[in-house]
Amino acid sequence: MSERTERGEGREGMPGQHRVSTEQHTPLWEVFVRARRGLSHTHVGSLHAPDAELALRNARDVYTRRQEGVSIWVVPAAAITASSPDEKDAFFDPAADKVYRHPTFYEVPEGAGHL
Amino acid sequence: MYGNDFPAPDDASGGGLLGEVEAAEAALREAAARARRFGAPTPDADLDAYFADVIEADQKIEPRDWMPEAYRRTLIRQIAQHAHSEIIGMQPEGNWISRAPSLKRKAILLAKVQDEAGHGLYLYAAAETLGISRDELVDLLLSGRQKYSSIFNYPTLTWADVGVIGWLVDGAAIVNQVPLCRCSYGPYARAMIRVCKEESFHQRQGYEILHVLAHGTAEQKAMAQDAVDRWWYPSLAMFGPPDGDSTHSAQSMAWKIKRFSNDELRQRFVDMCVQQAEVLGLTLPDEDLRWNDERGAYDYTQPDYDELMQVIKGNGPCNRQRMEHRRRAHTDGAWVREAAAAYAAKREQQKEKVAA
(Lines give C-alpha, C1' and ligand atoms only; values in the text may rest on other atoms or scores of the structure.)
Protein backbone atom coordinates (compact mmCIF):
# COMPACT_ATOMS: atom_id res chain seq x y z
CA MET A 1 0.00 0.00 0.00
CA SER A 2 1.36 3.34 -1.01
CA GLU A 3 0.61 4.97 2.30
CA ARG A 4 2.50 2.29 4.19
CA THR A 5 5.44 2.35 1.83
CA GLU A 6 5.76 6.10 2.20
CA ARG A 7 5.86 5.82 5.94
CA GLY A 8 8.40 3.06 5.73
CA GLU A 9 10.59 5.07 3.40
CA GLY A 10 10.50 8.03 5.74
CA ARG A 11 12.34 5.95 8.27
CA GLU A 12 15.09 4.80 6.01
CA GLY A 13 18.51 5.95 7.05
CA MET A 14 17.59 6.51 10.67
CA PRO A 15 20.38 4.98 12.74
CA GLY A 16 19.53 1.64 14.25
CA GLN A 17 16.11 1.64 12.59
CA HIS A 18 15.02 -1.08 10.25
CA ARG A 19 12.70 -0.21 7.48
CA VAL A 20 9.33 -1.61 8.41
CA SER A 21 7.21 -2.87 5.59
CA THR A 22 3.98 -4.47 6.67
CA GLU A 23 3.69 -6.65 3.61
CA GLN A 24 7.14 -8.06 4.07
CA HIS A 25 6.47 -8.92 7.69
CA THR A 26 2.93 -10.25 7.56
CA PRO A 27 3.49 -13.58 5.88
CA LEU A 28 0.73 -16.03 5.08
CA TRP A 29 0.15 -18.94 7.48
CA GLU A 30 -1.79 -22.12 6.82
CA VAL A 31 -4.01 -23.24 9.68
CA PHE A 32 -4.68 -26.84 10.69
CA VAL A 33 -7.20 -27.74 13.38
CA ARG A 34 -7.77 -30.98 15.29
CA ALA A 35 -11.53 -30.95 15.73
CA ARG A 36 -11.68 -33.55 18.48
CA ARG A 37 -9.51 -36.13 20.12
CA GLY A 38 -9.09 -39.08 17.79
CA LEU A 39 -9.14 -37.00 14.59
CA SER A 40 -6.07 -35.75 12.75
CA HIS A 41 -5.36 -32.06 12.15
CA THR A 42 -7.15 -30.85 9.04
CA HIS A 43 -6.44 -27.79 6.92
CA VAL A 44 -9.13 -25.17 7.58
CA GLY A 45 -7.77 -22.08 5.84
CA SER A 46 -5.10 -19.43 6.04
CA LEU A 47 -4.39 -16.04 7.57
CA HIS A 48 -1.77 -13.30 7.79
CA ALA A 49 0.29 -12.63 10.91
CA PRO A 50 3.69 -11.11 11.62
CA ASP A 51 4.91 -14.04 13.73
CA ALA A 52 3.99 -17.55 14.87
CA GLU A 53 2.60 -16.48 18.21
CA LEU A 54 0.19 -13.99 16.68
CA ALA A 55 -0.67 -16.46 13.92
CA LEU A 56 -1.78 -18.91 16.60
CA ARG A 57 -3.88 -16.31 18.40
CA ASN A 58 -5.43 -15.09 15.17
CA ALA A 59 -6.17 -18.68 14.16
CA ARG A 60 -8.01 -19.18 17.44
CA ASP A 61 -10.14 -16.09 16.80
CA VAL A 62 -10.76 -16.73 13.11
CA TYR A 63 -11.21 -20.50 12.96
CA THR A 64 -12.32 -21.72 16.41
CA ARG A 65 -14.90 -19.23 17.68
CA ARG A 66 -17.37 -22.07 18.19
CA GLN A 67 -15.18 -24.71 19.77
CA GLU A 68 -14.31 -26.22 16.41
CA GLY A 69 -10.98 -27.45 17.69
CA VAL A 70 -8.92 -28.81 20.56
CA SER A 71 -5.54 -28.12 18.94
CA ILE A 72 -4.21 -25.75 16.26
CA TRP A 73 -1.11 -25.88 14.06
CA VAL A 74 0.05 -22.84 12.11
CA VAL A 75 2.62 -23.31 9.34
CA PRO A 76 4.25 -20.56 7.26
CA ALA A 77 2.72 -21.02 3.79
CA ALA A 78 6.17 -20.37 2.31
CA ALA A 79 7.52 -23.42 4.16
CA ILE A 80 5.18 -25.81 2.36
CA THR A 81 6.53 -27.67 -0.63
CA ALA A 82 3.70 -28.88 -2.86
CA SER A 83 3.62 -31.23 -5.82
CA SER A 84 2.60 -29.48 -8.98
CA PRO A 85 -0.80 -30.25 -10.51
CA ASP A 86 0.83 -30.07 -13.96
CA GLU A 87 2.87 -33.17 -13.33
CA LYS A 88 0.18 -34.95 -11.35
CA ASP A 89 -0.10 -37.92 -13.68
CA ALA A 90 3.61 -38.56 -13.91
CA PHE A 91 4.13 -37.94 -10.22
CA PHE A 92 1.48 -40.41 -9.09
CA ASP A 93 2.03 -42.85 -11.91
CA PRO A 94 3.99 -45.41 -9.93
CA ALA A 95 0.81 -46.21 -7.94
CA ALA A 96 -1.45 -46.63 -10.95
CA ASP A 97 -0.36 -50.11 -12.05
CA LYS A 98 -0.01 -51.72 -8.63
CA VAL A 99 -3.53 -52.91 -8.01
CA TYR A 100 -2.06 -55.76 -5.96
CA ARG A 101 -1.57 -53.22 -3.15
CA HIS A 102 -5.30 -53.37 -2.52
CA PRO A 103 -6.84 -56.32 -0.65
CA THR A 104 -9.60 -56.52 -3.28
CA PHE A 105 -6.98 -57.76 -5.79
CA TYR A 106 -6.86 -61.15 -4.12
CA GLU A 107 -9.32 -63.95 -4.55
CA VAL A 108 -10.29 -65.49 -1.27
CA PRO A 109 -10.91 -69.26 -1.51
CA GLU A 110 -14.35 -70.46 -0.56
CA GLY A 111 -14.65 -71.15 3.15
CA ALA A 112 -11.61 -69.20 4.36
CA GLY A 113 -12.66 -67.02 7.29
CA HIS A 114 -11.22 -63.99 9.08
CA LEU A 115 -9.51 -62.68 5.92
CA MET B 1 -17.96 -29.31 11.13
CA TYR B 2 -14.80 -27.85 9.79
CA GLY B 3 -12.34 -30.54 10.75
CA ASN B 4 -14.84 -33.40 10.75
CA ASP B 5 -15.50 -35.62 7.83
CA PHE B 6 -19.13 -36.25 8.72
CA PRO B 7 -21.84 -34.14 10.29
CA ALA B 8 -22.65 -35.11 13.86
CA PRO B 9 -26.27 -36.32 14.10
CA ASP B 10 -27.17 -33.76 16.75
CA ASP B 11 -26.21 -30.96 14.36
CA ALA B 12 -28.99 -31.88 11.95
CA SER B 13 -31.20 -28.85 11.64
CA GLY B 14 -34.20 -30.62 10.17
CA GLY B 15 -34.16 -29.11 6.71
CA GLY B 16 -34.43 -25.45 5.83
CA LEU B 17 -31.49 -23.41 4.67
CA LEU B 18 -29.11 -24.95 7.18
CA GLY B 19 -30.13 -28.36 5.81
CA GLU B 20 -29.20 -27.15 2.33
CA VAL B 21 -25.78 -26.06 3.57
CA GLU B 22 -25.22 -29.53 5.01
CA ALA B 23 -26.40 -31.12 1.76
CA ALA B 24 -23.91 -28.95 -0.13
CA GLU B 25 -21.16 -30.06 2.24
CA ALA B 26 -22.09 -33.72 1.67
CA ALA B 27 -22.11 -33.15 -2.10
CA LEU B 28 -18.64 -31.64 -1.85
CA ARG B 29 -17.37 -34.81 -0.16
CA GLU B 30 -19.14 -37.03 -2.70
CA ALA B 31 -17.65 -35.10 -5.59
CA ALA B 32 -14.21 -35.43 -4.02
CA ALA B 33 -14.72 -39.21 -3.76
CA ARG B 34 -15.55 -39.34 -7.47
CA ALA B 35 -12.55 -37.21 -8.35
CA ARG B 36 -10.09 -40.01 -9.06
CA ARG B 37 -10.90 -40.33 -12.71
CA PHE B 38 -9.72 -36.76 -13.19
CA GLY B 39 -5.97 -36.87 -13.31
CA ALA B 40 -4.12 -33.85 -14.57
CA PRO B 41 -4.50 -33.00 -18.23
CA THR B 42 -1.86 -34.53 -20.47
CA PRO B 43 0.61 -31.95 -21.84
CA ASP B 44 -1.05 -31.87 -25.28
CA ALA B 45 -4.64 -31.77 -23.92
CA ASP B 46 -6.97 -28.93 -24.77
CA LEU B 47 -6.99 -27.05 -21.45
CA ASP B 48 -10.30 -25.31 -22.14
CA ALA B 49 -12.01 -28.62 -22.85
CA TYR B 50 -10.43 -30.18 -19.78
CA PHE B 51 -11.64 -27.31 -17.59
CA ALA B 52 -15.14 -27.62 -19.09
CA ASP B 53 -15.15 -31.37 -18.36
CA VAL B 54 -14.23 -30.83 -14.72
CA ILE B 55 -17.00 -28.24 -14.33
CA GLU B 56 -19.47 -30.45 -16.20
CA ALA B 57 -18.77 -33.36 -13.83
CA ASP B 58 -19.47 -31.10 -10.81
CA GLN B 59 -15.87 -31.36 -9.68
CA LYS B 60 -14.13 -28.51 -7.91
CA ILE B 61 -11.46 -26.33 -9.47
CA GLU B 62 -8.58 -25.90 -7.01
CA PRO B 63 -6.08 -23.02 -6.70
CA ARG B 64 -3.20 -24.42 -8.72
CA ASP B 65 -5.35 -25.87 -11.52
CA TRP B 66 -5.34 -24.27 -14.91
CA MET B 67 -8.39 -21.99 -15.35
CA PRO B 68 -9.51 -19.47 -17.98
CA GLU B 69 -8.28 -15.98 -17.13
CA ALA B 70 -11.86 -14.63 -17.20
CA TYR B 71 -12.95 -17.28 -14.65
CA ARG B 72 -10.12 -16.17 -12.35
CA ARG B 73 -10.99 -12.49 -12.77
CA THR B 74 -14.71 -13.07 -12.20
CA LEU B 75 -14.00 -15.00 -9.01
CA ILE B 76 -11.57 -12.40 -7.67
CA ARG B 77 -14.12 -9.66 -8.30
CA GLN B 78 -16.99 -11.58 -6.71
CA ILE B 79 -15.12 -12.96 -3.70
CA ALA B 80 -13.42 -9.62 -3.01
CA GLN B 81 -16.71 -7.74 -3.18
CA HIS B 82 -18.18 -10.30 -0.82
CA ALA B 83 -15.24 -9.94 1.60
CA HIS B 84 -15.44 -6.13 1.49
CA SER B 85 -19.18 -6.38 2.26
CA GLU B 86 -18.48 -8.39 5.41
CA ILE B 87 -15.93 -5.81 6.57
CA ILE B 88 -18.08 -2.75 5.81
CA GLY B 89 -21.11 -4.64 7.14
CA MET B 90 -19.65 -4.39 10.63
CA GLN B 91 -20.33 -0.64 10.70
CA PRO B 92 -24.14 -0.39 10.71
CA GLU B 93 -24.30 -2.93 13.53
CA GLY B 94 -21.23 -1.72 15.37
CA ASN B 95 -23.17 1.53 15.69
CA TRP B 96 -25.41 -0.22 18.25
CA ILE B 97 -22.92 -2.19 20.36
CA SER B 98 -22.64 0.57 22.96
CA ARG B 99 -26.39 1.17 22.92
CA ALA B 100 -27.76 -2.38 22.99
CA PRO B 101 -30.64 -2.55 25.48
CA SER B 102 -29.11 -5.21 27.75
CA LEU B 103 -25.81 -6.90 28.54
CA LYS B 104 -27.07 -10.08 26.85
CA ARG B 105 -27.93 -8.23 23.63
CA LYS B 106 -24.60 -6.44 23.74
CA ALA B 107 -22.62 -9.69 24.11
CA ILE B 108 -24.59 -11.27 21.25
CA LEU B 109 -24.09 -8.26 18.98
CA LEU B 110 -20.36 -8.22 19.73
CA ALA B 111 -20.15 -11.89 18.77
CA LYS B 112 -22.06 -11.22 15.58
CA VAL B 113 -19.86 -8.31 14.52
CA GLN B 114 -16.79 -10.44 15.30
CA ASP B 115 -18.26 -13.13 13.02
CA GLU B 116 -18.56 -10.58 10.20
CA ALA B 117 -14.85 -9.82 10.54
CA GLY B 118 -14.15 -13.56 10.48
CA HIS B 119 -16.25 -13.98 7.32
CA GLY B 120 -14.31 -11.18 5.67
CA LEU B 121 -11.07 -12.93 6.56
CA TYR B 122 -12.17 -16.38 5.26
CA LEU B 123 -13.17 -14.73 2.01
CA TYR B 124 -10.00 -12.64 1.62
CA ALA B 125 -8.04 -15.86 2.13
CA ALA B 126 -10.13 -17.58 -0.58
CA ALA B 127 -9.53 -14.66 -2.97
CA GLU B 128 -5.80 -14.76 -2.26
CA THR B 129 -5.61 -18.35 -3.56
CA LEU B 130 -6.36 -16.83 -6.99
CA GLY B 131 -3.10 -14.91 -7.00
CA ILE B 132 -4.01 -11.49 -5.61
CA SER B 133 -2.49 -10.24 -2.35
CA ARG B 134 -4.31 -9.09 0.77
CA ASP B 135 -2.70 -5.67 0.51
CA GLU B 136 -3.96 -5.27 -3.06
CA LEU B 137 -7.48 -6.26 -1.99
CA VAL B 138 -7.52 -3.80 0.91
CA ASP B 139 -6.22 -1.12 -1.40
CA LEU B 140 -8.93 -1.83 -3.99
CA LEU B 141 -11.58 -1.29 -1.32
CA LEU B 142 -10.01 1.84 0.19
CA SER B 143 -9.51 3.46 -3.20
CA GLY B 144 -13.11 2.67 -4.20
CA ARG B 145 -12.13 0.56 -7.20
CA GLN B 146 -13.97 -2.45 -5.80
CA LYS B 147 -17.46 -2.28 -4.33
CA TYR B 148 -19.24 -3.75 -1.34
CA SER B 149 -22.93 -4.61 -1.02
CA SER B 150 -25.05 -1.49 -1.42
CA ILE B 151 -27.26 -2.49 1.53
CA PHE B 152 -24.64 -1.25 4.01
CA ASN B 153 -25.07 2.28 2.73
CA TYR B 154 -28.36 2.56 4.61
CA PRO B 155 -28.36 3.90 8.19
CA THR B 156 -29.37 1.97 11.35
CA LEU B 157 -31.64 4.50 13.01
CA THR B 158 -33.15 2.44 15.84
CA TRP B 159 -32.47 -0.74 17.80
CA ALA B 160 -35.15 -2.46 15.70
CA ASP B 161 -32.89 -1.93 12.68
CA VAL B 162 -30.41 -4.33 14.25
CA GLY B 163 -33.20 -6.91 14.39
CA VAL B 164 -34.21 -6.26 10.79
CA ILE B 165 -30.62 -6.50 9.58
CA GLY B 166 -30.46 -9.97 11.09
CA TRP B 167 -33.82 -11.09 9.76
CA LEU B 168 -34.01 -9.49 6.30
CA VAL B 169 -30.46 -8.49 5.35
CA ASP B 170 -28.78 -11.63 6.69
CA GLY B 171 -31.77 -13.63 5.48
CA ALA B 172 -31.34 -12.31 1.93
CA ALA B 173 -27.59 -12.89 2.19
CA ILE B 174 -28.19 -16.52 3.19
CA VAL B 175 -30.59 -17.12 0.28
CA ASN B 176 -27.91 -15.67 -2.00
CA GLN B 177 -25.07 -17.57 -0.38
CA VAL B 178 -26.44 -21.05 0.22
CA PRO B 179 -26.13 -21.90 -3.51
CA LEU B 180 -22.55 -20.59 -3.40
CA CYS B 181 -21.71 -23.52 -1.10
CA ARG B 182 -21.86 -25.51 -4.39
CA CYS B 183 -19.72 -23.06 -6.36
CA SER B 184 -17.24 -24.70 -8.74
CA TYR B 185 -14.23 -23.03 -7.10
CA GLY B 186 -13.20 -25.16 -4.11
CA PRO B 187 -11.84 -22.52 -1.70
CA TYR B 188 -14.89 -20.28 -2.22
CA ALA B 189 -17.33 -23.17 -1.73
CA ARG B 190 -15.60 -24.22 1.48
CA ALA B 191 -15.51 -20.68 2.84
CA MET B 192 -19.22 -20.28 2.07
CA ILE B 193 -20.11 -23.42 4.00
CA ARG B 194 -18.48 -21.92 7.08
CA VAL B 195 -20.07 -18.53 6.50
CA CYS B 196 -23.60 -19.89 5.98
CA LYS B 197 -23.54 -21.95 9.14
CA GLU B 198 -22.61 -18.88 11.16
CA GLU B 199 -25.06 -16.63 9.30
CA SER B 200 -27.99 -18.73 10.44
CA PHE B 201 -27.21 -17.65 14.03
CA HIS B 202 -27.27 -14.06 12.78
CA GLN B 203 -30.64 -14.46 11.14
CA ARG B 204 -32.21 -16.09 14.17
CA GLN B 205 -30.89 -13.48 16.62
CA GLY B 206 -32.37 -10.73 14.44
CA TYR B 207 -35.69 -12.52 14.21
CA GLU B 208 -35.75 -12.93 17.99
CA ILE B 209 -35.07 -9.22 18.57
CA LEU B 210 -38.01 -8.36 16.29
CA HIS B 211 -40.27 -10.95 17.88
CA VAL B 212 -39.63 -9.46 21.32
CA LEU B 213 -40.26 -5.92 20.05
CA ALA B 214 -43.35 -6.91 18.09
CA HIS B 215 -44.83 -8.44 21.23
CA GLY B 216 -43.80 -5.58 23.50
CA THR B 217 -45.39 -2.18 24.01
CA ALA B 218 -47.23 -0.37 21.22
CA GLU B 219 -44.18 1.90 20.75
CA GLN B 220 -41.85 -1.07 20.47
CA LYS B 221 -44.09 -2.72 17.90
CA ALA B 222 -44.30 0.52 15.92
CA MET B 223 -40.51 0.80 15.99
CA ALA B 224 -40.21 -2.77 14.65
CA GLN B 225 -42.75 -2.05 11.89
CA ASP B 226 -40.96 1.16 10.93
CA ALA B 227 -37.66 -0.72 10.58
CA VAL B 228 -39.30 -3.39 8.39
CA ASP B 229 -40.85 -0.65 6.24
CA ARG B 230 -37.48 1.01 5.65
CA TRP B 231 -35.43 -2.17 5.02
CA TRP B 232 -37.81 -4.34 2.95
CA TYR B 233 -37.12 -2.89 -0.50
CA PRO B 234 -33.37 -2.37 -0.03
CA SER B 235 -33.24 -6.04 1.06
CA LEU B 236 -35.04 -7.11 -2.15
CA ALA B 237 -32.52 -5.04 -4.12
CA MET B 238 -29.67 -7.09 -2.57
CA PHE B 239 -30.32 -9.78 -5.18
CA GLY B 240 -29.16 -7.40 -7.87
CA PRO B 241 -30.80 -6.11 -11.04
CA PRO B 242 -33.56 -8.14 -12.74
CA ASP B 243 -32.33 -11.06 -14.87
CA GLY B 244 -32.72 -9.14 -18.12
CA ASP B 245 -30.28 -6.44 -16.95
CA SER B 246 -27.77 -8.61 -15.13
CA THR B 247 -24.41 -8.39 -16.89
CA HIS B 248 -22.44 -11.22 -15.32
CA SER B 249 -25.13 -13.85 -14.86
CA ALA B 250 -25.06 -16.10 -17.93
CA GLN B 251 -21.31 -16.79 -17.92
CA SER B 252 -21.25 -17.27 -14.15
CA MET B 253 -24.08 -19.81 -14.44
CA ALA B 254 -22.17 -21.70 -17.15
CA TRP B 255 -19.10 -21.81 -14.91
CA LYS B 256 -21.26 -22.95 -11.98
CA ILE B 257 -20.10 -20.03 -9.89
CA LYS B 258 -23.71 -18.96 -9.76
CA ARG B 259 -26.48 -21.57 -9.60
CA PHE B 260 -29.69 -19.51 -9.73
CA SER B 261 -30.67 -16.22 -11.34
CA ASN B 262 -31.20 -13.00 -9.38
CA ASP B 263 -34.96 -13.15 -9.86
CA GLU B 264 -35.21 -16.80 -8.81
CA LEU B 265 -33.39 -16.05 -5.57
CA ARG B 266 -35.42 -12.89 -4.94
CA GLN B 267 -38.65 -14.90 -5.35
CA ARG B 268 -37.41 -17.56 -2.95
CA PHE B 269 -36.65 -14.85 -0.39
CA VAL B 270 -40.09 -13.22 -0.71
CA ASP B 271 -41.84 -16.58 -0.35
CA MET B 272 -39.91 -17.28 2.86
CA CYS B 273 -40.50 -13.88 4.41
CA VAL B 274 -44.28 -13.75 4.07
CA GLN B 275 -44.91 -16.49 6.59
CA GLN B 276 -42.12 -15.29 8.90
CA ALA B 277 -43.67 -11.80 8.94
CA GLU B 278 -47.03 -13.30 9.90
CA VAL B 279 -45.50 -15.02 12.91
CA LEU B 280 -43.95 -11.71 13.94
CA GLY B 281 -47.29 -9.96 13.52
CA LEU B 282 -45.62 -7.37 11.29
CA THR B 283 -46.62 -6.28 7.80
CA LEU B 284 -44.43 -6.28 4.72
CA PRO B 285 -44.88 -2.84 3.10
CA ASP B 286 -46.31 -4.07 -0.19
CA GLU B 287 -50.02 -3.76 -0.93
CA ASP B 288 -49.69 -5.92 -4.03
CA LEU B 289 -48.12 -8.82 -2.18
CA ARG B 290 -50.41 -11.81 -2.74
CA TRP B 291 -50.28 -15.52 -3.43
CA ASN B 292 -50.41 -16.51 -7.09
CA ASP B 293 -51.89 -19.98 -7.37
CA GLU B 294 -50.81 -20.43 -10.97
CA ARG B 295 -47.16 -19.64 -10.32
CA GLY B 296 -47.14 -21.28 -6.89
CA ALA B 297 -45.40 -18.18 -5.56
CA TYR B 298 -46.12 -14.70 -4.23
CA ASP B 299 -46.55 -11.78 -6.58
CA TYR B 300 -44.72 -8.75 -5.20
CA THR B 301 -43.65 -5.22 -6.05
CA GLN B 302 -40.13 -4.92 -7.42
CA PRO B 303 -37.66 -2.69 -5.55
CA ASP B 304 -36.60 0.60 -7.10
CA TYR B 305 -33.66 -0.41 -9.28
CA ASP B 306 -32.82 3.19 -10.12
CA GLU B 307 -32.27 3.78 -6.42
CA LEU B 308 -30.07 0.65 -6.33
CA MET B 309 -27.95 2.01 -9.17
CA GLN B 310 -27.66 5.38 -7.43
CA VAL B 311 -26.50 3.73 -4.20
CA ILE B 312 -23.99 1.57 -6.10
CA LYS B 313 -22.65 4.71 -7.77
CA GLY B 314 -21.94 6.21 -4.36
CA ASN B 315 -25.03 8.31 -3.77
CA GLY B 316 -26.68 6.28 -1.01
CA PRO B 317 -27.39 7.80 2.39
CA CYS B 318 -24.16 6.52 4.03
CA ASN B 319 -21.65 5.73 1.25
CA ARG B 320 -19.26 8.51 2.19
CA GLN B 321 -19.53 7.88 5.91
CA ARG B 322 -18.79 4.14 5.48
CA MET B 323 -15.73 4.70 3.32
CA GLU B 324 -14.36 7.48 5.51
CA HIS B 325 -14.75 5.31 8.57
CA ARG B 326 -12.97 2.37 6.90
CA ARG B 327 -10.09 4.56 5.70
CA ARG B 328 -9.74 6.17 9.11
CA ALA B 329 -9.77 2.78 10.85
CA HIS B 330 -7.08 1.57 8.47
CA THR B 331 -4.89 4.64 9.04
CA ASP B 332 -5.46 4.64 12.80
CA GLY B 333 -4.51 0.98 12.93
CA ALA B 334 -1.22 1.54 11.12
CA TRP B 335 0.80 1.81 14.36
CA VAL B 336 -0.49 -1.60 15.48
CA ARG B 337 0.63 -3.25 12.24
CA GLU B 338 3.94 -1.40 12.43
CA ALA B 339 4.54 -2.40 16.04
CA ALA B 340 3.73 -6.05 15.31
CA ALA B 341 6.03 -6.01 12.29
CA ALA B 342 8.84 -4.33 14.25
CA TYR B 343 8.49 -6.88 17.04
CA ALA B 344 8.58 -9.77 14.56
CA ALA B 345 11.66 -8.26 12.89
CA LYS B 346 13.41 -7.83 16.24
CA ARG B 347 12.69 -11.42 17.23
CA GLU B 348 13.95 -12.62 13.87
CA GLN B 349 17.18 -10.64 14.39
CA GLN B 350 17.68 -12.09 17.85
CA LYS B 351 17.21 -15.57 16.46
CA GLU B 352 19.83 -14.87 13.78
CA LYS B 353 22.26 -13.60 16.41
CA VAL B 354 21.81 -16.74 18.50
CA ALA B 355 22.29 -18.88 15.43
CA ALA B 356 25.43 -17.01 14.37
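Trainee: Which parts of chain B do the buried residues of H11(B) pack against?
Mentor: They pack against helix H7 (159-177), helix H8 (186-214), H9, helix H10 (249-254), strand S2 (297-299) and helix H12 (305-315) of chain B. Keep in mind that this is a predicted model.

Trainee: And which residues of H11(B) are buried?
Mentor: The list includes Asn262(B), Leu265(B), Arg266(B), Phe269(B), Val270(B), Cys273(B), Val274(B), Ala277(B) and Leu280(B). Gln267(B) and Gln276(B) are buried as well.

Trainee: How many residues does H11(B) have, and how far does it reach?
Mentor: Helix H11 spans residues 262-280 of chain B, which is 19 residues. From its first C-alpha to its last it reaches 27 Å, close to the 27 Å expected at 1.5 Å a residue. Just after the helix, Gly281(B) takes a positive phi of about 80 degrees.

Trainee: What are the scores for the model?
Mentor: The ipTM is 0.80 and the pTM is 0.85.

Trainee: Switching to chain A: what pattern does it follow along the sequence?
Mentor: The pattern reads α-α-β-β-α-β-α, made up of 4 helices and 3 strands.

Trainee: In what order do the strands sit?
Mentor: They form an open sheet in the order S2-S1-S3 (chain A), paired antiparallel. Strand S2 (42-48) and strand S3 (71-76) of chain A each have a single partner strand, so one side of each is left without a neighbour in the sheet. Neighbouring strands are turned by 30 degrees against each other on average, direction ignored.

Trainee: How many bridges join S1 to S3(A)?
Mentor: There are 6 bridges between strand S1 (residues 28-34) of chain A and S3(A). Within that pairing, Val31(A) stands opposite Val74(A).

Trainee: Which helix packs on this sheet?
Mentor: Helix H3 (residues 52-63) of chain A does, touching S1, S2 and S3 of chain A. Its direction makes about 115 degrees with that of S2(A).

Key: Residues numbered from 1 in each chain as written. Chains lettered and ligands numbered in written order. Predicted model: local features only at pLDDT ≥ 70, side-chain atom pairs only at ≥ 80, totals over all residues. Heavy atoms only, no water. Pairing = 2+ DSSP bridges. Helix = DSSP H or I, 4+ residues; strand = E, 2+ residues; numbered from the N terminus. Axes fitted to C-alpha atoms, helices over the stretch in contact; angles between N-to-C directions. Contact = heavy atoms within 4.5 Å. Expected span 1.5 Å × (residues − 1). Buried < 20%, exposed > 50% of the residue type's maximum accessible area, 1.4 Å probe, protein only.
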